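Welcome! Have the model open as you read.

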Amino acid sequence: MPNPFTLSFGIEPREYISRTQQTSEIINSFMSETPSNYMYMLSGIRGSGKTVMLTNIIETFEKEKDWIVINVSPDVDILNAIAANLYSRKSIHTLFTNAKIDLSGLGIGISIENATPIFDISVALEELLTELKKKHYKVLIAIDEIVNNNNVKVFTGIYQILLRKKLPLFLLMTGLYENINVLQNEKTLTFLYRAPKIYLEPLSSFSIAQSYKSILNVDESTAKEMAKLTSGYAYAYQVLGYLYWDKITEKKKCGGVDDLIIDYDRTLSEYVYEKIWFELPDTEKKIVSLLVENGEMKNKEIRDALSLSDSQMSVYRDRLKRKGLIDVSRYGYLALNLPRFDAIAKFWID
Ligand SMILES: Nc1ncnc2c1ncn2[C@@H]1O[C@H](COP(=O)(O)OP(=O)(O)OP(=O)(O)O)[C@@H](O)[C@H]1O
Ligand SMILES: [Mg+2]
């Protein structure tokens, strides 16, 4: 039997720990008769499970007959991709041709007799969505890993206008905190500030332990110990499970978690932590370095050590928290929250 765990990113894992609360918040909100939100942004650190959660939500909507789901990449002309996707769907195509919507001028479909071709993509989308709205269809656009590029900027600008016209267009995006932050600071896109953001929470340690227990056949206390070692970090859950499975199927006796630590650290480091570390801006790196060296620290100790003002410190603290690198649940304290990050990152600090 192949390893049920995976070291790959971005594809739905066979062993999936559900995120019921955050997932149903989005689904219920979009499906409500009078939706209070048409847009959500999922954010979290690399490996926290954004793509998997997005895919999971998309699948729910794909099963609904009145929902049309379009998955677009931020690397293409998003508006055009949406119009082309809608226009080419067999099930709704006649709605558009009956309404004499001719997009041949935009390179989409063929010309229609007695129709005036549309040359403006935002007009095209407005007309397509108006027809869909009459038939109670709703359209969900999913964009994984948004970045601040022209495609995303142009799209979000037009999206805002279509939404004001009360067209049934829903948007679900994922992105690293830093990318979302740059995007919403764009002058014309400040409405993104108001978009609800979901910061991915750690997976339930109870569910992780249960899953290890049943798949790896380990006893309760080993399962708990392993769950603890993942700190609920989605990628770590896969890595640890993967390594354990590998070990037991090699018919070597696994001497418990201690046997796996070297490989665990190496995998986390190679696949994610190096990237996370080297992408950190200077001051954030200094704060993280202090936490690597000292463990949990008081806000005030860090502020003094780096000669930061109160307001500077609170900005950096907030950024690191939103990025998903630190835990601030203990009042006045900062602590690293990725498993084994301290043990691994200490090699990068000079
Ligand atoms: N709910 C979950 N249960 C179990 N494993 C999960 C879950 N979510 C994600 N994973 C696993 O965690 C890893 C990272 O997931 P994913 O690719 O979704 O992360 P991401 O946040 O999109 O990362 P990146 O920022 O690099 O794109 C994958 O190996 C995936 O299988
Ligand atoms: Mg991803």
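Helices (H or I, at least four residues) and strands (E, at least two) are DSSP runs, numbered from the N terminus. This is a predicted model, in which local features need pLDDT of at least 70, side-chain atom pairs count only at pLDDT 80 or more, and totals for chains, interfaces and linings use all residues. Side-chain values use heavy atoms, leaving out hydrogens and water.

**Ring pairs**
- The structure holds 17 aromatic pairs; rings of Phe, Tyr and Trp (its six-membered ring) pair if their centres lie within 6.5 Å, with planes under 30 degrees apart counting as stacked, over 60 as edge-to-face and the rest as tilted.
- Y38 and F170 make a stacked pair, because their ring centres are 4.6 Å apart and their planes meet at 25°.
- Y38 sits in the loop between α1 (20-31) and β1 (39-43) and F170 in strand β4 (residues 169-175), so this pair ties together parts 132 residues apart in sequence.
- F155 and Y159 form a tilted pair, 5.9 Å centre to centre with 40° between the planes.
- Both F155 and Y159 belong to helix α6 (residues 150-164), where they are four residues apart, about one turn of the helix.

**Burial** (buried is under 20% relative accessible area, exposed over 50%, partly exposed in between; 1.4 Å probe, protein chains only)
- Y38 counts as partly exposed at 27% relative accessibility, whereas F170 is buried at 1%.
- F155 and Y159 are both buried.

- Ring pairs join Y38 and F170 with F30, Y40, F61 and W67 in a cluster.

Notes. Residues numbered from 1 in each chain as written. Chains lettered and ligands numbered in written order.
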